[in-house]
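Please open the model in a viewer and display it as a cartoon. The stops below proceed by selection, each followed by an account of what is found there.

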Amino acid sequence: MEIKAIAGDITQVESPAIIVNLFEGVEAPGGATGAADRALGGAISNLIADGEIRGKKGEITIIHTLGRIPAARVVVAGLGKAESFTPEAARRVTAAVCRRLRSAGVRRAATIVHGAGIGGLDVRDAAQAVAEGGLLGLYTFRRYFSKNEDADRTLDELSVVEQDASRLADIESGLERGRIFAEAAMLARNMVNEPPNHMTPTHIADIAAGLASEHALESTILDSPQMEELGMGGLLGVAKGSVEPPKFIVLTYKGDPDNPDNNLGLLGKGITMDTGGISLKTSAAMFSMKSDMSGAAAVVSAIGAIAQLKPRLNVTAIAACTENMPSGSAQKPGDVLRTMSGKTVEVENTDAEGRLALSDALAYARQMGITRLVDVATLTGAIVTALGDVCIGAFTNNDELLDSVIAAGEACGERIWELPMYEEYKEQNRSQVADVKNTGGARAGSITAAQFLAEFSEDTPWVHLDIAGTAMTDRESGYQVRGATGVPTRTLIRLAEDLAAQG
């Protein structure tokens with residue numbers, strides 16, 4: 001969908017539909033909604049008086065204009081209470097309205113910037129939210145359908161109309177930022193939604209190489225021989241069971257080349273199919289495991305957007321990618337691996353494989369001199385038990401960095417909740433034959449998995465994000481649609497911007 005900003009009176013825009021809004025409790029609409037009401041002879045006010053329009057969050061009312069104004073329809077979007085309105089609410093309402101219009105066969109629409117009036121939002125932030133909500137809410141993944149019955153039902157154009165021409169430049173800036181954020185999240189969604197026979201480690205490497213070429217990123221892609229030279233026993237141990245070659249992907253954006261210590265590392269788990277290996281999952285548990293590379297998809301997609309936004313910060317994205325398959329060559333429970341850091345790991349369960357891959361990613365990042373690390377992984381089923389699909393689980397050795405991550409997530413509508421990292425949990429990972437074992441058992445499984453990773457982040461400021469509960473969704477809500485969510489791509493982009501602003 002093309003999104004553009006135009007100056008003018010929305011009631012005079014010739015379009016199949018124009019979108020205005022109403023806050024809950026407002027009886028006499030003002031602004032653009034009031035102008036539309038007057039042009040329609042008080043139709044909106046009458047519906048408010050009748051109780052049909054109440055302005056509640058998520059409420060959508062379509063009024064056919066019958067030629068009274070150039071637009072064929074006026075859509076009144078309920079925004080909820082003005083005092084609690086946020087950019088996230090603007091994203092969600094835009095997504096819902098755009099989907100509703102698409103289902104009605106509307107191909108062009110015009111909207112005002114939700115929340116930039118009495119909602120109190122900065123007009124640039126509100127415009128960004130409209131762009132993100134519209135693009136993400138209309139996302140579909142239908143690449144493998146031989147016939148697309150809904151091909152003609154597409155909302156192709158959304159015009160953002162602003163009467164005050166002095167605000168147009170800020171709106172255009174916000175729309176462009178929203179496009180960059182949304183397209184990055186949609187790339188991550190596409191990568192995760194692809195079937196595992198297509199989205200192999202090699203394919204992820206090809207996407208990364210394409211981004212590097214497009215956005216002038218430095219690119220390093222390691223194959224098995226180079227990983228062996230570096231002693232990446234964790235990632236290579238997982239890869240042993242698959243005929244698909246593993247890939248270790250490194251993309252670097254240099255936004256502050258004269259200050260190399262001003263940096264951030266984004267590390268992603270890239271298990272493109274997780275069968276559990278020799279510790280085989282059930283068929284039901286295995287079906288959705290193409291999504292076990294969601295962390296890699298997020299970091300690769302995020303750095304492409306970061307390169308476009310150009311924050312004054314050096315950012316490196318690392319994706320440790322392989323399949324986890326059972327075969328005669330696969331690693332076995334009881335094996336001992338030597339990781340890149342030199343630490344040894346007893347493999348108690350081959351289905352605790354993502355942390356093995358990330359152990360080498362963490363060691364590589366530290367060897368590069370990266371001073372702040374954020375890893376992203378669909379790491380544990382235990383986090384789903386603890387937090388469901390509402391928020392991401394977070395673990396850290398540095399409260400300041402975690403606070404920045406949580407704030408970035410809040411700004412993007414991606415909730416993050418900290419879990420404890422008490423020393424006592426380390427005891428569950430203690431091995432009798434190696435430095436550490438790769439699982440601490442069922443109790444506090446997300447915490448012991450994070451404690452395993454902490455062995456390899458050591459004293460470098462580090463945050464671990466467990467996205468096992470939020471990487472996929474089975475329902476449509478706001479700007480999320482069924483399938484991959486793209487979480488936390490937008491949070492990572494915002495984090496890079498925020499750290500750059502902090503200096």
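Begin with β9 and β13, which pair in the parallel sense over 4 bridges; two strands count as paired if DSSP finds at least two bridges between them. The model is predicted, so local features need pLDDT of at least 70 and side-chain atom pairs count only at pLDDT 80 or more, whereas totals for chains, interfaces and linings use all residues. Residues are numbered from 1 along each chain as its sequence is written, and side-chain values use heavy atoms, with hydrogens and water left out. Helices (H or I, at least four residues) and strands (E, at least two) are DSSP runs, numbered from the N terminus.

**Strand β9 and its partners**

Select Leu 267 and look across to β13, where its bridge partner is Asp 375. Next select Gly 268, whose bridge partner in β10 is Ala 319. The strands β9 and β10 run parallel and are joined by 11 bridges. Now colour β9 by accessibility: 12 of its 12 residues are buried, so the strand is largely enclosed by the rest of the structure. Buried means under 20% relative accessible area, exposed over 50%, and partly exposed in between, with a 1.4 Å probe and protein chains only.

Move to β17, which pairs with β13 in the parallel sense over 5 bridges. Val 374 stands opposite Val 463 in β17. Are the faces of β17 covered or uncovered? Both are covered: Trp 462, His 464 and Asp 466 on one side, and Val 463 and Leu 465 on the other, are all buried.

The pairing of β14 with β17 is antiparallel, over 4 bridges. Select Phe 395 to find its bridge partner in β17, His 464. From strand β14 (residues 392–396), continue to β15, with which it pairs in the parallel sense over 3 bridges. Gly 393 stands opposite Trp 417 in β15.

**Helices on the sheet**

Axes are lines fitted to C-alpha atoms, for helices over the stretch in contact, and angles run from 0 to 180 degrees between N-to-C directions.

Helices α11 and α14 pack at an angle of about 30°, with their axes 8 Å apart. They are therefore roughly parallel to each other; angles under 35 degrees count as roughly parallel, over 145 as roughly antiparallel, 65 to 115 as roughly perpendicular and the rest as oblique.

Show side chains to see Arg 355, Leu 356, Leu 358, Ser 359, Leu 362 and Arg 366 in α11 meet Ala 449, Phe 452, Leu 453, Phe 456 and Ser 457 in α14. By class, this contact has 7 nonpolar, 2 polar and 2 charged residues. Ala, Val, Leu, Ile, Met, Phe, Trp, Tyr, Cys and Pro count as nonpolar, Asp, Glu, Lys and Arg as charged, and the others, Gly among them, as polar.

**Helices α5 and α15**

Select α5 and helix α15 (residues 489–502), whose axes come within 8 Å and cross at roughly 135°. That makes α5 oblique to α15. Arg 177, Phe 181, Ala 184, Ala 185 and Ala 188 in α5 meet Thr 489, Arg 490, Ile 493, Arg 494 and Glu 497 in α15. The contact of α5 with α15 has 5 nonpolar, 1 polar and 4 charged residues.

**A last stop: Val 433**

Finish at Val 433, in the loop between β15 (416–418) and β16 (436–437). At 57% relative accessibility, Val 433 counts as exposed. Val 433 touches Val 336 and Glu 346, not counting residues up to four places away in sequence.

Notes. Contact means heavy atoms within 4.5 Å.
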